[in-house]
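Please keep the structure in view while reading.

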Amino acid sequence: MDGIKYAVFTDKSIRLLGNNQYTSNVESGSTRTEIKHWVELFFGVKVIAMNSHRLPGKGRRMGPMGHTMHYRRMIITLQPGYSIPPLRKKRT
């Protein structure tokens, strides 16, 4: 499943790592249950809470719609004792 696009590393998301909360951008069409199931299956962790919000879309100069929305941000809280290993980007 490619519902999770990538992990987010901002000042706030790095601060939340201390509370065992991980931040990532996901496809806007994905549901919370799909993301929760995928994270638990892929990383072998136990999710206890998920918070999400839609990011503001980028405006268009021309076209019928004023905004484009491609993803939303999820903050995933894990049970104590579980952690997600850092994802490394391959160098090419």
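In this predicted model, 4 strands form an open sheet in the order β1-β2-β6-β3, with antiparallel pairing; strands here are DSSP runs of E of at least two residues, and helices are runs of H or I of at least four, both numbered from the N terminus, while two strands pair if DSSP finds at least two bridges between them. The edge strands, each pairing on one side only, are β1 (4–7) and β3 (47–54). Strand β2 (residues 21–27) is joined to the antiparallel strand β6 (residues 71–78) by 7 bridges, and Q21 stands opposite T77 in β6.

Helix α2 packs on the sheet and touches β1, β2, β3 and β6, where contact means heavy atoms within 4.5 Å. In helix α2 (residues 32–43), W38 and F42 lie 4 residues apart, about one turn of the helix. W38 is buried, with a relative accessible area of 17%, whereas F42 is exposed at 54%; buried means under 20%, exposed over 50% and partly exposed in between, with a 1.4 Å probe and protein chains only.

Rings of Phe, Tyr and Trp (its six-membered ring) pair if their centres lie within 6.5 Å, and planes under 30 degrees apart count as stacked, over 60 as edge-to-face and the rest as tilted.

| Pair | Centres | Planes | Type |
|---|---|---|---|
| W38 and F42 | 5.0 Å | 5° | stacked |
| W38 and F43 | 6.2 Å | 85° | edge-to-face |

W38, F42 and F43 form one aromatic cluster.

Residues are numbered from 1 along each chain as its sequence is written. Local features need pLDDT of at least 70, side-chain atom pairs count only at pLDDT 80 or more, and totals for chains, interfaces and linings use all residues, while side-chain values use heavy atoms, leaving out hydrogens and water.

Conventions. Axes are lines fitted to C-alpha atoms, for helices over the stretch in contact, and angles run from 0 to 180 degrees between N-to-C directions.
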